[in-house]
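Dear colleague,

I am passing on the structure we spoke of, with some notes on what came out of the computed analysis. Please look through it below before reading on.

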Amino acid sequence: MTVSETKKTNAVCASCDIGCPLVVESKDGEVVKIGTHDKAPIKDYICMKGANAHVGFTSEHRITKPLKRVGERGGDSWEEISWEQAMTEIAEKLSQVVDKHGPESLAVATSQWNTSNDNGMGRRFMNLLGSPNWISGVALCAGNTAAVNRMTYGWFPYADFKNTKCVVLFGHNPRKHSWTPIYHKVRAAQKEGAKLIVVDPRRSSNADLADVWLPIKPGTDAALCLGWLNVIIEEELYDKDFVRDWTVGFDELKARVAEYPLSRVAEITGVDEELIREAARVYAEAESACIPWTPITDQQRNSTSAIRLQCILRALTGNVDSKGGDILHGLNQDIMLEDDLELHHMLPQQQKDKQLGADKHPVFTYRGMEALKEPAKRVWGREYVNLLTGCFMAVPYSTFRAMAGQGPYPVKAFISLGNNSLMGYSNMKLIYDGMMNQDLVVVHEHIMTPTAQLADYVLPGDSWVERNTFYDSLGWVSAIMMSNKAIEPPGECRSVFDFWCDLGRRMGFEEYFPWQSVEELYDLRLEKLGISFEEFSRTKAMNAPKLAYKKYEQTGFATPSGKVELESSILADLGFDPLPYYIEAPQPDADYPLMMFTGVREDEFFQTGQRHIPVLRNRNPEPKIFLHPQDAEALGVEDNEWVYVENPAGKVKGLMAIRENMPAGVVRVPHGWWRPETQQGKEHLSSAWEISDAQLTIDDVAFIDPEQGIPHLRGMPCKVYKV
Ligand SMILES: Nc1nc2c(c(=O)[nH]1)N[C@H]1C(S)=C(S)[C@@H](COP(=O)(O)OP(=O)(O)OC[C@H]3O[C@@H](n4cnc5c(=O)[nH]c(N)nc54)[C@H](O)[C@@H]3O)O[C@H]1N2
Ligand SMILES: Nc1nc2c(c(=O)[nH]1)N[C@H]1C(S)=C(S)[C@@H](COP(=O)(O)OP(=O)(O)OC[C@H]3O[C@@H](n4cnc5c(=O)[nH]c(N)nc54)[C@H](O)[C@@H]3O)O[C@H]1N2
Ligand code: SF4
Ligand SMILES: [Mo]
């Protein structure tokens, strides 16, 4: 008899999108523990979602066989079929849709990391087929920021936490169980003497630890940045050499900023003038300072301006690509990049021109990125640089409109991979109508999400402990890691990579999908380093090219002017204001007297996931609506009572949670709630119709960022009342 031993495998967690290196312990083909490495600093990198990931992967909710809908869509009746049957039928139906309506009638939705780490195969397939209509959760999170940052100085930077003397968190609130590595990096920087500035309407856990806390009115971050610039320019706190040598449009910016004196900014943001001045000075006078990327400004009416203003603050204070500032990693030229595998050059211009939303909200579409081709070629030797997978996207809300029959042409086939699409954007009702109006809906998932419940085919996906992954941070940082498979996937679960290769071969692109396994492709991607995937995994923790500061001194910035564009030539050419501005979104009124924001991530769950994992769900069984005690009293509601939050788009239920650290007049609605244990099918959608915040997120023009078409999740008028 052989005694089985515990095997330890190095992996990169994909249960959220921050990628902690973890150790997976398995025995007899089952994961017994997910833990940490023992080296500092990564010994501290783990949260309760990572530690309990395997409980979710072995849950009774896990889908392990391909399913085909029986009867009407959303009717909650399924039959198990083989992969062969599923893929044959999907290819057939997709061909029919493409023959009838053209390749642009296929839209694909994917997610942050867990499935967008497909080595570019999704885009490769679409580019070969001829569809530009790819959307992703990154449109509201990092992908869009990456595109806007590229317009301003060519790259999307990563904060130099290790060397910084000041950290600014715009809303962003990393905690022990939310983006754990960033939490530890901020704490370590503080320990080394860095100042912390927090901009947040709530007294968040980071606000509690901050040197300066600015209690801002939701959705007004762009105005606050304009106020800071006002102080920095007026008091000449900017880096004059850098501004002279490396920026364009300073005088124009100065004139614009003069329109935002502190009195006006204080009125818009609700923050005291002197506090704004103090914070601006702390930031600008620090020996070095970083503004780590924040999703909070990715999701506002003024997102393009807010993101650009953060870029401009970094530039004016000399903190771009400098020690302790925000570092432009640039491409890792030692590996074959996803950009090279995506084949964007093969999508004909005529098809690029059809990208949904590009006419009205072009920033992250092919049209918006066109002027960056030449600069990218100049600096990196390639025209297409798809940072964070967020450059060259279609606009989600335009895509859903087209799916619902309200677009310039029909979209009739929808493939969603690792993305709970129905609940992950704005206007859930529209997305529902769009999905119901399709000739083909395919969902690649772990569990029966509300999105999967509306599919024709649900394909069982593998998980990060069950596959090898080439982890390249989607180009954000230049380090790469290999995540190794600890166990075999259960049942017939397969990867997104396999799905695209299989579909590609069936749709006539055999020569472009020659790989028999994903490892074969990894060998190719590592070829320049002279190492195989197997050897890399066995011998290396990561590959990180040595980083230099101020690389732009050699190459210039990858923008049309080669400089930091304070006034954006690209935005001007696209017909937008080339300078950052602030426009107010609709404010509370007599009918909707309170102001809501969605977010404040929950320790137990990543986005819409994990509600099926008992150890996590028991800690946090129902959605909580935060309100200040004074507002709760005025409404006559007590802690733990059910309330409705309602706005013109719809209403959702939640449990009242009275919180002293909330500002008066503001309501917090959590993101991503449904109850996997409750009734499935289109009428119920496992309680999503009752509790999903995506019913309150509005895609009306007054609530979207004009340049990008993304929704304002921070600061929508609403009312709250007892159920
Ligand atoms: N209304 C609203 N919309 C939002 C936000 C908000 O606050 N409000 N937040 C935005 C933000 S910040 C982000 S990052 C995005 C997040 O968007 P996503 O990253 O797409 O997250 P989810 O919508 O939770 O969907 C992820 C799905 O992937 C499945 N999954 C997990 N791992 C795998 C895998 O390995 N393979 C497969 N096939 N499936 C897998 C999970 O079961 C889950 O259903 O959403 C954005 N959308
Ligand atoms: N446990 C857990 N961790 C996660 C996630 C998760 O789902 N669960 N999701 C991950 C992902 S994809 C993301 S994008 C991040 C998001 O994480 P964070 O960036 O930390 O975002 P939130 O937790 O939604 O909100 C952070 C703070 O923003 C404040 N805020 C709300 N509106 C505004 C505003 O208009 N302006 C400003 N300045 N502040 C505002 C809120 O009060 C809150 O304290 O978390 C990541 N970490
Ligand atoms: S923070 Fe948690 S869920 Fe996210 S990668 Fe790290 S361990 Fe995984
Ligand atoms: Mo996110």
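At 8% relative accessibility, Ser 687 counts as buried, a term that stands for under 20% relative accessible area, with exposed meaning over 50% and partly exposed in between (1.4 Å probe, protein chains only). Ser 687 lies in the loop between β24 (666–669) and α27 (688–691), and its phi is near 70°, a positive value in a residue other than glycine. Helices (H or I, at least four residues) and strands (E, at least two) are DSSP runs, numbered from the N terminus.

Before going further, please note that this is a predicted model, in which local features need pLDDT of at least 70 and side-chain atom pairs count only at pLDDT 80 or more, while totals for chains, interfaces and linings use all residues. Residues are numbered from 1 along each chain as its sequence is written, chains are lettered from A and ligands numbered from 1 in the order in which they are written, and side-chain values use heavy atoms, leaving out hydrogens and water.

Glu 236 also has a positive phi, near 50°, and is not a glycine; it is found in the loop between α8 (221–234) and α9 (240–246), and because its relative accessibility is 48%, Glu 236 counts as partly exposed. A further backbone feature is the cis peptide bond from Ala 40 to Pro 41, with omega near -5°, where Pro 41 has its place in the loop between β3 (30–35) and α1 (48–51).

Turning to strand β9 (residues 166–170), 5 of its 5 residues are buried, so the strand is largely enclosed by the rest of the structure. Cys 166, Val 168 and Phe 170 point one way from β9, whereas Val 167 and Leu 169 point the other way. β9 pairs in the parallel sense with strand β10 (residues 195–199) over 5 bridges, pairing being assigned if DSSP finds at least two bridges between two strands, and Leu 169 stands opposite Val 198 in β10.

As for the whole chain, its secondary structure comes to 27 helices and 25 strands, and 65% of its 723 residues count as buried. The chain is divided into domain 1 (7–57), domain 2 (67–145 + 339–539), domain 3 (158–327) and domain 4 (594–722), with bounds that come from an automatic or database domain assignment. The C-alpha centres of domain 2 and domain 3 lie 34 Å apart, and 7 residues of domain 2 are in contact with 6 residues of domain 3, contact meaning heavy atoms within 4.5 Å.

With best regards
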